[in-house]
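Hi,

Here is the structure I promised to pass on.

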Amino acid sequence: MMLDANHAPPVPAQPQAIRREDYRPPAWTVPEVSLDFDLDPATTRVRARLEVSRREDTVEPLRLDGAGQRLVSVLVDGVAINDWRLDGDTLEVPLTGDTHVVETEVEIAPDANTQLMGLYASNGILCTQCEAEGFRRITYFPDRPDVLARYRVRMSADKARFPVLLANGDPIASGDLPDGRHWAEWHDPFPKPSYLFALVAGDLACNRSSFTTQSGREVELGIWVREADLPRTHHALHALKLSMAWDEHVYGREYDLDVFNIVAVDDFNFGAMENKGLNIFNSRYVLADPDTATDMDYDHVAGVVAHEYFHNWSGNRVTCRDWFQLSLKEGFTVFRDQGFSADQGSAAVKRIEDVRALRASQFPEDAGPLAHPIRPESYLEISNFYTATIYNKGAEIVRMMATILGPQRFRAATDLYFDRFDGTAATCEDFVQCMEDAGGVDLTQFRLWYSQAGTPRVSASVTHDAGSGRATLRLGQQVPATPGQSDKEPMVIPLKLRLFGAATGRPLTDEQLVMLNQASDTIVYEGVTERPVLSINRGFSAPVVIESDRTPDELAFLSGTDDDPFARYEATQQLMLDTLVAGAIEGGRTNHDAVIRAVSATLSDPSLDPAFVAEAVLLPAEGFIADQLAVVDPEAVFAARQALRSDLARQLEEQWRAAYDGPREPYAYTPRAKGSRRLRNVALGYLAATNTGDAGKLAFTQFAAADNMTDRQGALQVLANGDSDERVAALDIFYNRYADNALVLDKWFQTQALATRADTVEIVAELSRHPDFSLANPNRARSLVGAFGVNQRALNRADGAGYRFLADQLIQLDKLNPQTAAKLLPPLGRWRRFDATRAVMMRAELERIVAVPGLSKDLFEQASKSLE
Ligand code: ARG
Ligand code: ZN
């Protein structure tokens, strides 16, 4: 049946806000689905058979979501019907009884799918992405996470082009068809929401292995990639086995199907997707070997493999009732993958990395026009809410509950949660309730973390009366206003703290966990015989900003002596930050001595892990320094940071050289060897900052001699930042060596887009016309446009060329891939933080974007909210 006049396609309407308070349970459930795919890149035919069941007391028609497909026919109980109607994209089917079989047939065009949601083609592979609302682009269905169905999937395709056919669950049967085609059938016994549906068809090779679960079941594992990429799959496979064992060990969670497959595709909107039994990954989070992947890439591969695997319980077995509950699965799963990674190497270094990432991406989000609580109240486009707040702040909030409960009770609470909600679609409230029930705690006030946005600011100061031996700690909290939330309640802030004696360096108290739950509080310590120094928010026990009146000397003291490695790192960072902020405000020379002494002491402390040293001696990022200023002057921030950097470089040159020339380990991906590479590359950066002339040669020598990507790219970044003769040569060599490896070419683009040179805007504009550049591939788009967007100096150049370039790219990208475009917009929304001239230019670009005819809902939401 073709569309007739009554079934005209929808007229695009003003985007409508979806509100959490409007949640209603589904009127119809779908216990069973059978899907039959006649796969072809140009036109794929999808026949769906839904067993639908009316929920008691509803009189509503069956409403099925759809988008972008051509409807061919609708059958009810085997009979073609004609009284269906399309309300916008929604297919309404009038049904009289309580259970029916509804069949639809649609046509979709994978080749034409540039948004990479639904079924699409990536370098000859057909694959799907359904979270959050991609399934409706494949077939008509109640595309919401609280409709859980059992899926049977049949696929047929050309056997030569698509020899491998994969779907969720277990393979049931397969066979050949006439005309060079073949078919395969898969069943997934676990009821699941549509966003976890997946299929893959392609010419893929498999790195196979198996895993025996704690109860002795054998699981067949497979990592599917192009034949040529097979040698780069061992790390991911190893990480998968470690993850499976870790989840049994730490959370008591065992895998539940007979097969677990991971497929790598080159075109992917984000990191990876936890589809039941068939994870689909961005190839950058699967492929790794020493020649093409840095240590950080290796860490990310393992972290993402773990994350997606852990979703099998936190996400799939227990899913989300609605998308406002997204952090229920994402925050918890990030917390779980952070724990996994911490257990593979240095927990302290992992914590530092995670906090740095939070400060780089979540703090600015929480302080800007797109701030939202981890459980938002409304959205226009759910894809815009896959944010650092939902993921990373969400993980911090789970971490605080774990801290409050302690390890045993937290484990009891997660056991209860998995047990109570297995096979259902749950809410954040359900999770917190389990924490209360198993933990024996009252989290009523703590729940504000789910509803209030903004990063709390905690003030802390200690006074000491030597005569009476009394020390008084005064704490205060203030939660800044965020869009739609002007008045905030005091939150529950778990602060780990400890006092040290300034004179003796001895701890004066044990570490204690203080729950700050009022606007202000006072704690009195008796018998304090020497002046105390406060170590606070140890381990980053709460995602807050600490404002203390500790002097540079006190921070330097903690930097050298605190027994909590995170606090030691933090004291050094705070000292650097205070110095840099003063430098940016005063413009001229500020006193760098305390920082230089602290860094020198850190570099020469033999008790410290080199991986920790490398993190601790790095200066805070420009963006984080800027966040501390009332009005950001990006040139002043850059200049202050360069000044401190070159002072550190020159005055500690011997120490940097010693760190650089220190004992070297042969290449291995072990915590120890990684740490030594990290420290060496940080030292190289400082040696280059001495500006003594031979920096270019030193970096080029490392670049040319490197036997691994960490050292090669480390040297390349140093060269790309500078102006040496070796810069162009190194970039050319790198390009030629890796011309046929897309993931490494991404690094070539990214390194140049991140460069701290004055002419980065021109370089990046030129690169956007390079034959290897394309906005159609999200990794490539992010490597240039995304990296440029976080380059503070380049983006915020005084003449506005940076803003213009970014807006031009976003407008083009939106036509192909709205989701990826919308993700790259936030840097333009930070106009309130800058001087009037920059603010006017940034707003003008946002207005230009909003005015584009046919703009996507995704980019519209981000740009219009950024203007408010
Ligand atoms: N659930 C996936 C993950 O975190 C990510 C899905 C992102 N979806 C989106 N529309 N941005 O593992
Ligand atoms: Zn996730």
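N537 is buried, because 24 other C-beta atoms lie within 10 Å of its own (the cut-offs: buried means 20 or more other C-beta atoms within 10 Å, exposed means 12 or fewer, partly exposed is in between, and C-beta atoms are placed from the backbone). Before I go on: this is a predicted model, in which local features need pLDDT of at least 70 and side-chain atom pairs count only at pLDDT 80 or more, while totals for chains, interfaces and linings use all residues. Residues are numbered from 1 along each chain as its sequence is written, and chains are lettered from A and ligands numbered from 1 in the order in which they are written.

Back to N537: it sits in the loop between β30 (532-536) and β31 (545-548) (helices are DSSP runs of H or I with at least four residues, strands are runs of E with at least two, both numbered from the N terminus). N537 is not a glycine, yet its phi is positive, about 55°. F540 lies in the loop between β30 and β31 too, and it is another non-glycine with a positive phi of about 55°. F540 counts as buried, because it has 22 C-beta neighbours inside 10 Å.

UniProt, in an unreviewed entry, annotates residues 454-548 as "domain: Peptidase M1 alanyl aminopeptidase Ig-like fold". UniProt positions are in the numbering used here, feature names are shortened, and annotations may be inferred rather than shown by experiment. In the model, residues 454-548 are 0% helix and 49% strand, with the end C-alpha atoms 19 Å apart.

**The other annotated domain**

The unreviewed UniProt entry also lists "domain: Aminopeptidase N-like N-terminal" for residues 99-196. That span is 0% helix and 54% strand, and its end C-alpha atoms are 24 Å apart. One thing to look at is the peptide bond from E131 to A132, which is cis, with omega near 0°. A132 is in the loop between β11 (125-129) and β12 (149-158).

**Two crossing helices**

How do α3 and α5 pack? Helix α3 (residues 326-344) and helix α5 (residues 388-405) have axes 7 Å apart, at an angle of about 70°. The axes are lines fitted to C-alpha atoms over the stretch in contact, and angles run from 0 to 180 degrees between N-to-C directions. The two helices, α3 and α5, are therefore roughly perpendicular to each other (65 to 115 degrees; under 35 is roughly parallel, over 145 roughly antiparallel, and the rest oblique). Residues in the contact include L326, F332 and F335 of α3 and I390, Y391 and V398 of α5 (contact means C-beta atoms, placed from the backbone, within 7 Å).

**R830**

R830 lies in the loop between α25 (818-823) and α26 (836-850). R830 counts as buried, because it has 23 C-beta neighbours inside 10 Å. Leaving out residues up to four places away in sequence, R830 touches P364 and G368. R830 and A367 are 463 residues apart in sequence, but 9.1 Å apart in space, C-alpha to C-alpha.

**The whole chain**

The protein has 27 helices and 31 strands. Its C-alpha trace spans about 90 × 60 × 60 Å along the principal axes, and 50% of the 868 residues count as buried. Among contacts between residues at least 6 apart in sequence, 70% join residues at least 24 apart.

Cheers

Conventions: Two residues are in contact if their C-beta atoms, placed from the backbone, lie within 7 Å.
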